[in-house]
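Here are my notes on the structure you sent.

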Amino acid sequence: MGRYLLRRILQMIPVVLGTTLLIYALVFLMPGDPVAAMFGAKPVQPAVAAQIRAEYNLDKPFIIQYLLFLKNALTFNFGKTFSGQQVLAVIGRAFPVTVKLAIMAFVFEAVFGVVFGIISGLKKGKWYDTVILVISLLLISVPTFVTGFVMQYFLGVQWHLLPITAGPNPGFLDLLMPAMVLGSVSMASIIRLTRSEITANIAEDYVRTARAKGMSNKMVVLRHVLRNSLIPVVTYLGADLGALMGGAMISERIFNIQGIGNTLYQAINRGEGTLVVSIVTLMVLIFVVCNLIVDMLYAVLDPRIRYQ
Amino acid sequence: MTDNQSIIAAQQIKQGPILEVKDLQVDFTTDTGKAVHAVRNSSFSVYPGQWVAIVGESGSGKSTSAMAVLGLLPGTGHVVGGSIKLEGQEIAGLSQKEYDKLRGSKIGLVPQDPMSNLNPVWRIGTQVKEALDANNMDVSKEKRSKLAAALASEDSSVALKGEDDELFVASKDLPALLDAAKAALEKNGVKRVEEEMNYFRDEWVPGSETRWRVAKDLIDAGVKDDEAWAIAKKYVLGSTMEDRIAGLLSEAGLPDAATRARQFPHEFSGGMRQRALIAIGLACRPDLLIADEPTSALDVTVQKKILDHLHMLTDSLGTSVLFITHDLGLAAERAQHIVVMYKGQVVESGPSLEVLQHPQHPYTKRLVAAAPSLASQRIISAKERGENTDALLEHKVAGENELAKSEHIITVEHLTKEFKLPRKKEMFKAVDDVSFSVKRGTTLAIVGESGSGKSTVANMVLHLLTPTSGKITYEGRDTSTFKAKDILDFRRHVQPVFQNPYGSLDPMYSIFRSIEEPLRIHGIGDKKSRSKRVRELLDMVEMPVSVMGRYPNELSGGQRQRIAIARAMALEPDVIVCDEAVSALDVLVQDQVLRLLNDLQAEKGLSYLFITHDLAVVRQIADEVVVMQHGRLVEHATTDEVFDHPQKQYTRDLLDAIPGGKLQLGLD
Amino acid sequence: MSNDQNINQNSDEFFADPLPGQERYVAPLDETPLQDVDTVDETNPPTSMWADAWKTLRKNPLFIVSAVLVVLVFVVALFPQLFTRIDPRDCDLTYSLEPASPGHPFGFNNQGCDVYARVIYGARTSVAIGIYTTLLVSVLGGLIGAVAGFFGGWVDAVLSRLTDIFFAVPLLLGAIVLLQMFRTSSSIWKVIFTLTLFGWVSMARIVRGAVMEAKNLEFNTASLALGSTPGRNLFRHILPNSLAPAIVIATMSLGSYIVSEATLSFLGIGLPSSVVSWGGDISTAQQYLRTNPSVLFYPSAALAITVLAFIMLGDAVQDALDPKARTA
């Protein structure tokens, strides 16, 4: 187990380096002048441009730029935004809101995805199985922002059940609808995954052997069908926690939540390359770490992995 | 009849059959709603303490019948007619809830495939415990079948005094018990105390050995009756769940059971898993055990050990066994009563030897004639009578004696192959210094169990793997010196037929394209002549030309194997390497393919390198045998010599393990 | 456990007396007529894997519905003029947010453009992005996956790490970083390239797995022993046998690329507003959600139906090409 953990962490290092390099290269090595990109369509004064170049090390060779960026990132020094705020401070303000939103979305998709998936998988062919399947297909097909608009329109505008938008320092109720929107696609995927896993597992030989032992249907389903089916579901969920942080942007846009996603959106609109890179790097790191945790979890859940 | 047997027979008749299946009918429903009759009008019965075998090919309905008894028919299967009576009670129409009460405690199952029947995420011990928990088993004492109890009470040497005499030894009480036993032995002046103590240490397994057995062992060793019982009563007080689990596993022949119980299935070999499954099947002391091909996935020597053990175990518990197998020899060897099934129906049933010696239904006759284990048995018994065995060696080619003197077509010298194992420093020697040669026009068989390195040898001979050291010569030329052109030429002359009939043909290729492929690769002929050649080849393997447009998934295993042979024959090779080419086939089909191989050999003067784990098949077709174990060559001799005068213990073990080997088979 | 009760002793005497109900029985021959060993079942016409899959598909209502929808979407995308004569760019502010009227079944949007015409013409953009991205992803991901799976060793190690790196960047985030560079100069092709760059990973992983599996199958070894070369086998045996999972993932992800494009447009970094697209229209319509939800509804519905069609098609194809069903 310890060996496996160590190997996974070592494997993570090149991935993190490669990923940050990739993002950095995308922003600063693409054709076109990043400084010009910062200012969008506006003309840039040469003196200002030179100053920015020096500030962001753009006058140095690319690989040095990257290493400096890496060094700064390791010391949590992400530089300043256009308005002169520390990037870290901006992120620090927005981050907790997004974490709250992501965790709520995670709980929502985990609970409803697994519950509906189990119902659907165990009662294959019943009418409610069909209903659950159709709804999950719809949720996957409709873009999140459309789902968001629809829910906002009905739950908020028409029926006044939940707040239409969340202000600063949103509470549980303010974030409930955004979290449902954020978790909706993943919930649908989890339903489908759980259902197909259960279908596959229920036909396994060891399930028949368990029945032959005289175990009741309830126990067989609990200990053999569900226990085994939920391994891939749990790993999917873990990986999704990281992805939810990135996906929060859409939900935050629709419901006007001052989270990390909205900050990223505004940074994109203002053309603040540094801020964009910093935020995306952070999110990618979270994603990678979540994937590492998933691998650990997988090893705990599936004894076969531990000894490989 | 001996006394014991007459007592049993009387008991059996008195109790009546434990399982009585009458006119059973099982249907499966296809996607289109059509009913497929998997089992029709089948009847059979099992008496207490009896082994009854159902024999048949795949698709004969033998497993389906067994699963119908357990109420565990797969998919759309359901019982549509007939009755299934367990101890006189109708169980065919029971609900799953009612079945739950029977399964485990009344009917146990030992399933076929040890790899897929244990849940990979639970510890072995936990999976045994589930069986005990599900049936609320009292783990502190033995539960005995009526028959075993009746017999035990008639066993005069030790009288059972009460319920408590069935209590198990607990691991925590064992040291004290052994000390007391030693003291008692010394006190009673028993000689060879250590020997007796060693016997006790082996026998007194916590969670498995009962009080009355301990008392009996002590009495047998020379301790006075009342003293023995006093010790047994004082120290044998019933076991814990952990002890019982370990006890059950150790009864099934799993060494070091207490440690093993904490391991996961993937840490077990196939044989160990099968033992765990036997422990699970017998955990709640069912009156009837259904053993569905319990050893067909295992090596022959392991198979024999496990079946011997299972036999011993069910005998002492008085458990009846419904034994499902495709191997007639195995069935006859293990069961008193045989039921032969064909296409969903019972075609013949009766006492094993009677059925075997005087088969009456044409299908049974065919089966008896084809079973390799029985065939080699016939040769042996014929030899013992000093009869001429040539007529029995139907698969042997006449006139081989002249050929035997001719040159060696393939010679293997000091062949060694090492593999690097992950995370291990030392290299693993898959093949270790093996030498032999194949004489032109003859068959050399390499026999060994899994891990013996026999397939690695085949792949090196086929030039698909490079040897670590050693030399392979074909027609006197060292194959390691071959250039690309030589290799292509070599491939024309040395062709393979592989084991898995489902894997060796590309599912995307039509039969025509599959057989044509070698001709294309070697650029032989034009489109028209190739098409003509494919027809010839199909004819050669006795397949209708109409299969050309079909795809592998439409053919049976045996048919695919014949296509693979046709493909191998396309280039008119001199040597065919058959790597377990018939192992996956049903006996009748196997017989047919072997016959085809022999006809081709006679006709074309082919040489075969025949890789197999099945000595019974070897007897029928090989001229020479190489026995391999753990990568090393154990024995190399002519087939007759190996069978009649095996030199090495391992060869003798292999021979002993041929199912049906112990049968006293009269010639029909 | 000792072996003191040998109940079952194999001996001839014991069998002399069968127990009641276990007497010798031989079924009458006419009940189960004996057939030749292993005869070829020639009752069914020969079928290849693809023909088989097609047969299964034809009977699947899921497939029929999704195929009809997909064909419809393609026809609309290729020949929008068949469905409307109105130019989607021909907008008149005086009609801004007018409700439906004869000739204008879906009404007008805020700029006074005909919503129906925009929905019809928007199909081309979405379908083009879906198709081209899928094609590029299949080529790039398929190539990388096939090479990694086929060669193994260090080639596989390097390519797998590369795949890991791209896998760590979620599609949407990667696209945001890249496309924000082109905010002022974005085009359909830039969106397609961006989606490809961050979308090839799943294809590569699937193809790699399939190739590795096919490479180890016996028919491959058999073919080598017949004189074939590894390179020839890659094209003749391995790739054709790896095709099924690639087709399934391609069909399913086609829909997800369409969604991604719409999402990017919603965030304002997708297509330029000059391109008629569902994503862009949905994005502009969101401001009028409370007053004119129908302006949002029609492009959203068109998008959802298209995506749904491709996902259902993928599901149906997956069922039909299930390898487990073919080994029996």
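1. The contact between chain C and chain B takes 50 residues from chain C and 76 residues from chain B. On the chain C side, the elements that give two or more residues are α1 (12-16), β1 (25-26), α8 (218-225), α9 (230-266) and α12 (324-327). The largest share, 7 residues, comes from α8(C). By class, this side of chain C has 23 nonpolar, 18 polar and 9 charged residues. Please keep in mind throughout that this is a predicted model.

2. Strand β10 of chain B, residues 345-351, is joined to β1(C) by 2 bridges, and the two strands run antiparallel. Within this pairing, Glu348(B) stands opposite Val26(C). The strand β1(C) is also among the elements that give two or more residues to the side of chain C that touches chain B.

3. For chain C, an unreviewed UniProt entry lists "transmembrane region" at residues 62-83, 129-153, 165-182, 188-207, 238-258 and 295-314. I looked at two of these spans in the model. Residues 62-83 of chain C are 77% helix and 0% strand, with their end C-alpha atoms 26 Å apart. Residues 129-153 of chain C are 96% helix and 0% strand, and there the end C-alpha atoms lie 35 Å apart.

4. Chain B contains an open sheet of 4 strands in the order β2-β1-β4-β5, with antiparallel pairing. Which strands stand at the edges of this sheet? They are β2 (35-46) and β5 (89-90) of chain B; each has a single partner strand, so one side of each is left without a neighbour in the sheet.

5. Strand β1 of chain B, residues 19-29, pairs with β2(B) over 8 bridges in the antiparallel sense. One position to look at is Val21(B), which stands opposite Phe44(B) in β2(B). Helix α2 of chain B, residues 62-70, lies across β1, β2 and β4 (78-86) of chain B. This helix, α2(B), runs at about 105° to β1(B).

6. Chain A has 13 helices and 0 strands. Of its 308 residues, 42% are buried. Among contacts in chain A between residues at least 6 apart in sequence, 73% join residues at least 24 apart.

7. For chain A, UniProt (unreviewed entry) lists residues 95-298 as "domain: ABC transmembrane type-1". In the model, this stretch of chain A is 84% helix and 0% strand. The end C-alpha atoms of the stretch are 28 Å apart.

Key:
Residues numbered from 1 in each chain as written. Chains lettered and ligands numbered in written order. Predicted model: local features only at pLDDT ≥ 70, side-chain atom pairs only at ≥ 80, totals over all residues. Contact = placed C-beta atoms within 7 Å. Nonpolar A, V, L, I, M, F, W, Y, C, P; charged D, E, K, R; others polar. Pairing = 2+ DSSP bridges. UniProt positions renumbered as here; feature names shortened; annotations may be inferred. Axes fitted to C-alpha atoms, helices over the stretch in contact; angles between N-to-C directions. Buried ≥ 20, exposed ≤ 12 C-beta atoms within 10 Å, placed from the backbone.
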